[in-house]
Amino acid sequence: AVMDGLQARLEAAAIVKKPGAAKQVEGSVSFNVSSAQSLLRRSQLEIHHWKEVDLDEKRKGWEASTLEVANAQEGSSTSRKALAESTKAFRKLDDTEKLAGWGALLKGYQGEIDSLTKRSKGAELAFLNVFKALREVPNPVSLMTSLSDEVESVLSLKTAYDKASKELAEYKEEFQSLKNQDVTIRRL
């Protein structure tokens with residue numbers, strides 16, 4: 001459905017023509033020139049989209065974000081353990097000490113919440129950046145499938161061409177042999 005929509009947009013923009021009739025080559029092997037031209041235009045358009053994404057450059061940024069996320073996860077794990085230990089120690093205190101230590105424990109929880117919020121915002125921003133980069137780029141699977149099919153067709157044509165060329169060479173050789181025989185017969 002996505003590729004049909006892309007095909008319709010390309011046809012509407014006169015970038016791609018509707019597929020035409022197939023030409024027969026060597027019996028059962030067929031090659032649709034219009035389809036091949038359409039496929040070429042589609043591939044050029046998708047290549048253009050992927051060049052705009054600049055995936056290699058984006059990967060560098062994503063690697064940096066990944067390192068930040070990994071470091072934040074590690075720091076969060078460490079601070080959670082420290083907060084859990086503080087909470088256990090707080091529970092063991094008597095009531096008067098709990099009143100005095102309540103503020104420090106609350107600040108620890110607030111700090112952890114702030115840290116998690118910062119991590120969440122960073123992860124959301126990283127996701128949105130990836131989404132924005134890939135949102136307008138067409139899925140290459142359909143194109144790759146079409147290109148694969150076209151390559152198979154071209155390979156079939158190449159095989160048929162090689163076979164026909166070999167037969168033609170054999171016929172030329174046989175014809176030359178027959179000419180030589182004809183010349184020999186006339187001399188006799």
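The model is predicted. The count of salt bridges comes to four. Among them are Asp 56 with Arg 59, Glu 57 with Lys 60, and Lys 158 with Asp 162. Helix α4 bends by about 45° at a kink centred on Gly 101.

- Helix α3 covers residues 55-92 and holds both Asp 56 and Arg 59.
- The side chains of Asp 56 and Arg 59 form a salt bridge, with 3.7 Å from N to O.
- That distance counts because the cut-off for a salt bridge is 4 Å.
- Asp 56 and Arg 59 are three residues apart, so about one helical turn separates them.
- Asp 56 is exposed, at 53% relative accessibility.
- Arg 59 is partly exposed, at 42% relative accessibility.
- Glu 57 pairs with Lys 60 in a salt bridge, and their closest N and O atoms are 3.8 Å apart.
- Glu 57 and Lys 60 also lie in helix α3, three residues apart, or about one turn of the helix.
- Glu 57 has 45% relative accessibility and counts as partly exposed.
- Lys 60 has 53% relative accessibility and counts as exposed.

- Helix α5 runs over residues 140-187 and contains Lys 158 and Asp 162.
- The side chains of Lys 158 and Asp 162 meet in a salt bridge at 2.8 Å, N to O.
- Lys 158 and Asp 162 are four residues apart, so the separation is about one helical turn.
- Lys 158 is partly exposed, at 44% relative accessibility.
- Asp 162 is partly exposed, with a relative accessible area of 37%.

- An α-helix has 3.6 residues a turn, so residues three or four places apart point the same way.
- The three-residue spacing applies to Asp 56 and Arg 59, and to Glu 57 and Lys 60.
- The four-residue spacing applies to Lys 158 and Asp 162.

- Helix α4 covers residues 95-134 and has 40 residues.
- From first C-alpha to last, α4 reaches 57 Å, close to the 58 Å expected at 1.5 Å a residue.
- The kink in α4 is about 45° and is centred on Gly 101.
- Gly 101 is also buried.
- Leu 105, Glu 112 and Ala 133 are buried in α4 as well.
- Burial here means under 20% relative accessible area.

Notes. Residues numbered from 1 in each chain as written. Predicted model: local features only at pLDDT ≥ 70, side-chain atom pairs only at ≥ 80, totals over all residues. Heavy atoms only, no water. Helix = DSSP H or I, 4+ residues; strand = E, 2+ residues; numbered from the N terminus. Buried < 20%, exposed > 50% of the residue type's maximum accessible area, 1.4 Å probe, protein only. Expected span 1.5 Å × (residues − 1). Bend = angle between axes of the 7 residues up to and from the residue.
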